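My notes follow in the order I checked them.

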Amino acid sequence: VVGPQPPDSAQLRVAPKSLERRIAFWLREWGARGDNQHLLVDERRPWVVHAEVDCRDLFPAGTAPDDADAKSACGGRLSDARNKVKQHLKRDWGSRAVLRLYDGERSLARTASDHLYDVTGRKDALARAESRAAPGLGMAEGHFANADVPRLYARAAIVESLWRPEALSRSGAGGVYQFMPKTGRQFLTVEDGVVDERLDPLRAAWAAATYMKKMAKEFDGNWPLVLTAYNTGPSRLKHIMKARRTKDLGKIADAGDIGEFGFDGENYYAQIAAIGRLTAGDKFEPKPLLGHAVRVDSALAFAQLAACVDAPPELLASANPALAQDVVDGKVPVPAGYVAHVPTIPVTTALR
């Protein structure tokens with residue numbers, strides 16, 4: 001296994017040995033390979049690497065990460081590499097070298113050309129995520145600790161969204177912990193165009209910790225299963241466990257077809273374990289939110305709320321990311337029952 005040793009068991013539970021090859025792969029991806037470094041792997045066995053495509057030379061210093069020409073050139077390299085690997089695997093899947101990659105499993109080797117997957121290095125993304133998370137992750141870890149969930153699992157938000165509070169996926173998942181609306185409503189207020197507490201990192205952290213604590217009871221404290229259930233859904237995971245007749249997450253992931261979990265589901269816990277090991281020595285000091293909470297008893301305009309609590313509107317909006325832009329703009333009232341965070345206004349004193 002590449003990377004730092006795991007923290008003590010009180011912080012991060014020991015992963016099943018059957019997951020170690022996955023975790024070792026993600027340790028390298030999150031810890032050694034960065035932006036524009038690509039691997040073509042087998043999506044069923046990501047540690048089986050068929051080709052490496054390095055595009056860093058296309059993005060010299062000063063080049064925007066979304067530069068169209070550079071992205072197109074890198075895409076061309078990836079396509080060429082994919083075609084070459086496919087031809088090789090279709091022709092030589094039964095060779096000793098290919099079979100060795102798959103531990104002699106001929107069925108996997110025979111279908112390898114149909115399961116190529118592009119993975120981009122994430123070392124640089126991890127650094128950016130840690131920088132963004134610094135102000136709030138310490139508080140989030142406190143929520144997890146208070147819920148008797150290992151505090152390092154708060155860093156699941158790095159896998160989920162790279163700690164981007166505004167993140168909204170195509171499937172509808174939102175916030176740093178990427179709650180789907182239906183799941184989010186179990187713990188948070190999620191009302192389109194009005195209030196979406198998934199987008200408030202600390203409220204979402206409390207919800208994620210509460211949800212994981214609930215699932216820990218369902219899965220008998222098996223944290224690899226709990227984290228996977230958080231990502232893929234507890235009902236779906238229980239169905240797969242029943243079909244596979246095992247609680248060993250590594251065996252479950254290795255036994256099925258990629259369609260059961262999807263690539264993200266099969267590798268979710270392995271990535272969190274890798275990040276836990278890589279960031280074991282990183283301390284995110286809690287940064288308390290200064291101010292007080294105000295419950296809105298009856299609906300009113302955002303400008304009225306700002307006037308009532310004597311806070312600059314822009315500062316109040318920044319402290320309440322759950323409020324939709326239409327609410328802040330005054331098109332929709334702040335709903336009754338909303339609990340607003342009213343921040344303390346910084347005061348600068350000049351000494352003569």
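**Aromatic rings, backbone and strands**

I started with Y153, which is buried, at a relative accessible area of 0%. The model is predicted, and I read every value below with that in mind.

Next I searched the whole structure for ring pairs. I got 12 aromatic pairs. Y153 pairs with W223; the centres are 5.7 Å apart and the planes make an angle of 40 degrees. Where do the two residues sit? Y153 is in the loop between α5 (123-146) and α6 (156-161), while W223 is in helix α9 (residues 223-232). They are 70 residues apart, so I noted a link between distant parts of the chain. I then checked the cover on W223. W223 has a relative accessible area of 7%, so I call W223 buried.

I moved to F187 and Y211. Their rings also form a tilted pair, with 5.5 Å centre to centre and 50 degrees between the planes. F187 lies in the loop between α7 (181-184) and β4 (190-191). Y211 belongs to helix α8 (residues 201-218). The pair links distant parts of the chain, 24 residues apart. Are F187 and Y211 buried or exposed? Both are buried.

I also looked for groups of rings. F25, W26, Y117 and F263 make up one aromatic cluster.

Then I looked at a charge over a ring. K238 places its charged end over the ring of F219, 5.6 Å from the ring centre.

**Backbone**

I turned to phi. Most residues other than glycine have a negative phi. Which residues did I note with a positive value? N36 is one of them, with phi near 65 degrees. I placed N36 in the loop between α1 (20-31) and β1 (37-42). W163 is also not a glycine, and its phi is positive at about 50 degrees. I found W163 in the loop between α6 and α7. Its relative accessible area is 4%, so W163 counts as buried.

**Strands**

I finished with β6 and β7. Strand β6 (residues 291-295) runs antiparallel to β7, and five bridges join the two. How many of the five residues of β7 are buried? Four are, so strand β7 (residues 339-343) is mostly covered, with buried meaning under 20% relative accessible area. I also checked one facing position: G291 stands opposite P343 in β7.

Conventions:
Residues numbered from 1 in each chain as written. Predicted model: local features only at pLDDT ≥ 70, side-chain atom pairs only at ≥ 80, totals over all residues. Heavy atoms only, no water. Phe/Tyr/Trp six-rings, centres within 6.5 Å; stacked < 30°, edge-to-face > 60°. Buried < 20%, exposed > 50% of the residue type's maximum accessible area, 1.4 Å probe, protein only. Lys NZ or Arg CZ within 6 Å of the ring centre and 35° of its normal. Pairing = 2+ DSSP bridges.
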